[in-house]
Amino acid sequence: MNRRQRLAASAAALALTLACGPAAAETLKIALNADIRSLDPGVNRDANSDAVVLHIVEGLVAYSEDASVKPLLAKEVAVSDDDLTYTFKLRDGVKFHNGNVLTSADVVWNWNRYMDEATKWRCRNDFAAGGAAHVVSVTAPDDKTVVFKLEKPNALFQATLARTDCGMTGILDKSSFNADGSFNVPVGTGPFRYKEWRKGEFIDLEAFADYAARSEEKRDGYTGAKRPLVEAVRFAVIPDRSSAKAALLNGDIDIVPDVPYADVEEFKQNADTAVSLATNPGIVALLLQTRDPLLKDMRIRKAIAMALDTKTMVEGITLGLGKANNSLIPPTSKYHSPAQTQGYSYDPEAAKALLQEAGYNGQPIKLIANTRYSNTYDAAIVAQAMLQQVGITAELEVLEWAAQLDRYQSGNYTAMVFPYSGRYDPALTMDSVMGNKDKEPRKVWDDPDAQAMLADAVRYSDPAKRQELFDKLHARFLETVPFIMLYNGLEASAYQKHVQNYAASIFSMPRAWEVTIAE
Amino acid sequence: MLRFILSRIGMAVPTVFLVAVVVFFLIRLVPGDPAALLLGDMASPESVAALRSDLGLDKNILTQFAIWLTSVLQGDFGTSITTKEQVAHLIIERFKVSAGIVLVAVALASLVAVPAGFIAALRQNSRLDFTLVSIAALLLSIPTFWLGLVILLIFGLKLGWLPVVGYVSVAEDPSRGLLYVLMPILTLFLHEIGVLLRMARASALEVLRLDYITHARAKGLPERTVLWRHVFPNAFAPTLTLIGLVLGNMLGGIAVVETVFTIPGLGRLLVDAIFGRDYPVIQGCLLFIAVIYVLVNLIVDLCYPLFDPRVKIT
């Protein structure tokens, strides 16, 4: 045995003892493609931060699997007839990770903290004066009751409280903060408690033995059954996709929440791994600057929509895993009615005729794309080729993500393929794309009539009324082509077969509760 | 000697200052707004503007530069925009990780490549020389990310000897820590062998052709003495310079290897900061790397007289 062989042998022996350690077997290891920003709910965050934090903290209400809002820390929510008063009854026996019992005073205290400007809570403006859901008072008439009073009715009040990017308006124990009021570590009521965060390496959580489970038997989005069934969870930061794949294949990692579509078949074929797919409400769209000298002509925009065979495009870029959707409402939503399945009509000949009518003769259209979100780049390539077929010259301009976001925010572009992060209520999704371009240049659907319909969809909570409005909005969206909706985000998660009951979800964030590891 | 060191450091001050200026203004010329990136695609203009003013990005750019420079001169590199951590602390923590791996890899590569290069030169045009040069050319031309992935596939996946992802500090747990750095060290080691072997061979060949070697041989010195007294020390000097450059280059620039092997090092910190437009971290990292370059080259210069008596430090 030479030196190198000896070294390798001893390394192998060490690795073996490590892999077989008793503690390791009960730790669920989930890959994250980047480190989290912070553990402060809804303050300094991105999707990965939300994914981790929402294992630790919980809010009064949460999104369920079909994106409706259901109670979580609340037992029940009563809404007054005038839609202005929301009364939350808290569940009994809910404990924080340090053993303190959750009371209505905690909720009021947290609310005041969130609404304090110094907290820099992301969602403060929605609830502050002038916001869509202005909360005028929050009171605690008894230990288990919290009453929120709104200035005017808002169907999205609970949906905004539950937003994952708002940190679910998570209720924290006061021990989460330093003496000077600054955030330290989250002490919440969630199924897992915070243990350690090694920057750039991992975040360790451990099961919270006293977790007050809800009575539902099944997991339901971010509410329902949420029992911690593994001893610990490790979110391991693995930026490189190939490394994450190798780690899953050799067993160093149990779950990779987002694998490339190209790897799905391999993970399905592999005897040790399985795949779970879920469509999220994030929209991938071909944005068209309606103030561009060329694209302000609706006929040209319509011609572009007619030139794109979105069905074939999406099948191609998702390798048959995803489906095109020309509606802003995702197929998983209860509002995705038959009317919403109506899409653009693919008709190259009609497109050519429209272009001729509009007097288009080959003026180049710059199409911006980025390679960070690789399937949106693929969409841009396919769109370019399809546009070519009807005689539209699309020139691809590949930018780095930060640069593209800059152009998006300023509205300084002709066309771009842009991925939006998910919002779970259709009105929230529409609100993020609709608005006055003079006030907010990033808005891509500037249409006062449509805006009025959206305002009604925010005002009324009656589902039938909202459905009607959403269907009308969709018809108008197809008719005026402010931009082109291509498909919803699709997440492919791969996991070891010994991981039981794991599933990708519309949230595109890994969930460790109710998941077990088989012997 | 001390005067030499001090004057060299003095000479480095303008260089580092220039780096500071260039870095500060260049990164701000790159499109992309840290506040918008931080808040995401659905942020309202008001919240972006509020965050910009919080971060001081709404101030005049010259004012921003003055504030930053004053803090840096007081040893305060600011805090990260994304994680709110102290930049100086971040850099030191990450640098320790990268430096450990790089120093070991370069030391091992030098120990193997320099003698191998000399041997190849002595046996110029032999089969051994040809083999060594071919291996070096091959190693040099393989990109490190690919080499890293292949090593990961072989040792991590096929043989299952080493953990594929994760990192444990060697200082914390030496035996486990070693497991996690073996593959990155091996990757860099193999790559640098290619660079150093070719340089060592070329310098040795050059020296071997010189008159004083012929003279030494002619006056009847044993070949051993010729090599050890005249060839090797003189051939080593240019290689030393190259080792210095390689070190300076790698101490801040092994982001690719760090990404493949999930090592939380300085290179990854810098790359992540660039994508996130984390100005204080980018500025801090690049300034730090510039200082490292200066220091490594200073150390190399100080080592010169050991190998080349003609060089005098005054």
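Tutor: Start with the term. A cavity here is a set of grid points where a 1.4 Å probe fits but cannot get out. Lining residues have an atom within 4 Å of such a point. The model is predicted.

A search of the whole structure finds five cavities of 30 Å³ or more. The largest cavity holds about 90 Å³ of space. It is lined by 14 residues. The closest to its centre are Asp240(A), Arg241(A), Ala244(A), Val256(A) and Asp258(A). Two elements of chain A each give two or more residues to this lining: strand 1 (27–32) and helix 6 (241–250). Helix 6 of chain A gives the most, with three residues. Now sort the lining of the largest cavity by class. Eight residues are nonpolar, one is polar and five are charged.

Next comes the second largest cavity. Its volume is about 70 Å³. Helix 3 (residues 104–115) of chain A supplies the largest share of the lining, four residues. The lining of the second largest cavity includes Val107(A), Asn110(A), Trp111(A) and Tyr114(A). Gly59(A), Leu60(A) and Val61(A) also line this cavity. So do Phe148(A) and Leu161(A). Met168(A), Thr169(A) and Ile171(A) complete the list. By class, this lining has nine nonpolar and three polar residues, with no charged ones.

The largest cavity has five charged residues in its lining, whereas the second largest cavity has none.

Note on methods:
Residues numbered from 1 in each chain as written. Chains lettered and ligands numbered in written order. Predicted model: local features only at pLDDT ≥ 70, side-chain atom pairs only at ≥ 80, totals over all residues. Heavy atoms only, no water. 1 Å grid on protein atoms, 1.4 Å probe; cavity = no way out; pocket = protein on both sides within 12 Å on 5 of 7 lines; lining within 4 Å. Points joined across faces, edges and corners; volume = space filled by probe spheres on them. Nonpolar A, V, L, I, M, F, W, Y, C, P; charged D, E, K, R; others polar.
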